[in-house]
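Hi,

Here is the structure I promised to pass on. Have a look first, and then read my notes on the pockets below.

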Amino acid sequence: MILLSEVYPEVIMSEELSFRERVWLIIAAIPYGRVSTYGEIARLAGSPRAARQVGGVLKKLPEGSSLPWHRVVDRQGRISLQGADFRRQQQALEAENIEFTPMQTIDLEKIPLARAFVALTSRFSGYGVPGDTWSTGTATSGTATSVKS
């Protein structure tokens, strides 16, 4: 498994942003066809023991958010949701050509973890207020952009 911070060690999150805003920015930078884990996102956001809090941030996303929440899985490559929400996330990942094993997990050794993390703080300072939605720009660029609603 490739850790994002090993690929992009220059990523430094501004302390001016809240944890929730840092999580939004990191997830917005996950490119199409890639995944990351709750723990890796927490670590990149500056709170390496806050994987569950990342899940809480995603659970509270505004209705209709374009943040690619579906690209976040647990450290074993499993979807943490159940029922209809599980199926919705699985379908969104399959639409991006992410394959599942017969045990309904993603083989994280086969899927390169997201590598699109750049110096986000200078580009996004001032964004992340409630009501904003996030997008990853073009489907293959992996460049994070924000779209205010």
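First, a term: helices (H or I, at least four residues) and strands (E, at least two) are DSSP runs, numbered from the N terminus. This is a predicted model, so local features need pLDDT of at least 70 and side-chain atom pairs count only at pLDDT 80 or more, while totals for chains, interfaces and linings use all residues. Residues are numbered from 1 along each chain as its sequence is written, and side-chain values use heavy atoms, with hydrogens and water left out.

The chain has six helices and four strands, in the order α-α-β-α-α-β-α-α-β-β from the N terminus on. Of its 149 residues, 48% count as buried (under 20% relative accessible area, with a 1.4 Å probe and protein chains only).

Now the pockets. On a 1 Å grid over the protein atoms alone, a pocket is an open set of points where a 1.4 Å probe fits, with protein on both sides within 12 Å along at least five of seven lines; lining residues have an atom within 4 Å of a point. Volumes are the space filled by probe spheres set on the points, which are joined across faces, edges and corners.

The largest pocket holds about 440 Å³ of space. It has 16 lining residues, and Leu58, Lys59, Trp69, Leu81 and Arg88 are the closest to its centre. Both α4 (51-59) and α5 (83-95) supply at least two residues of that lining. By class, the lining has seven nonpolar, five polar and four charged residues (Ala, Val, Leu, Ile, Met, Phe, Trp, Tyr, Cys and Pro are nonpolar, Asp, Glu, Lys and Arg charged, and the others, Gly among them, polar).

The second largest pocket comes to about 180 Å³. Tyr38, Gly39, Ala51, Arg52, Gly55, Val73, Asp74, Arg75 and Ser80 line it. α3 (38-44) and α4 each give at least two residues to this lining, and α4 has the largest share, with three. The classes here are three nonpolar, three polar and three charged.

A word on confidence: pLDDT, the predictor's confidence in each residue, runs from 0 to 100. The chain averages 73, and 64% of the residues score at least 70. Residues 1-12 stay under 50, with 26 contacts beyond four places in sequence in the model (contact means heavy atoms within 4.5 Å). Residues 114-149 also stay under 50, with 96 such contacts. Where pLDDT is low, the predicted coordinates should not be read in detail.

Cheers

How values were computed:
Buried < 20%, exposed > 50% of the residue type's maximum accessible area, 1.4 Å probe, protein only.
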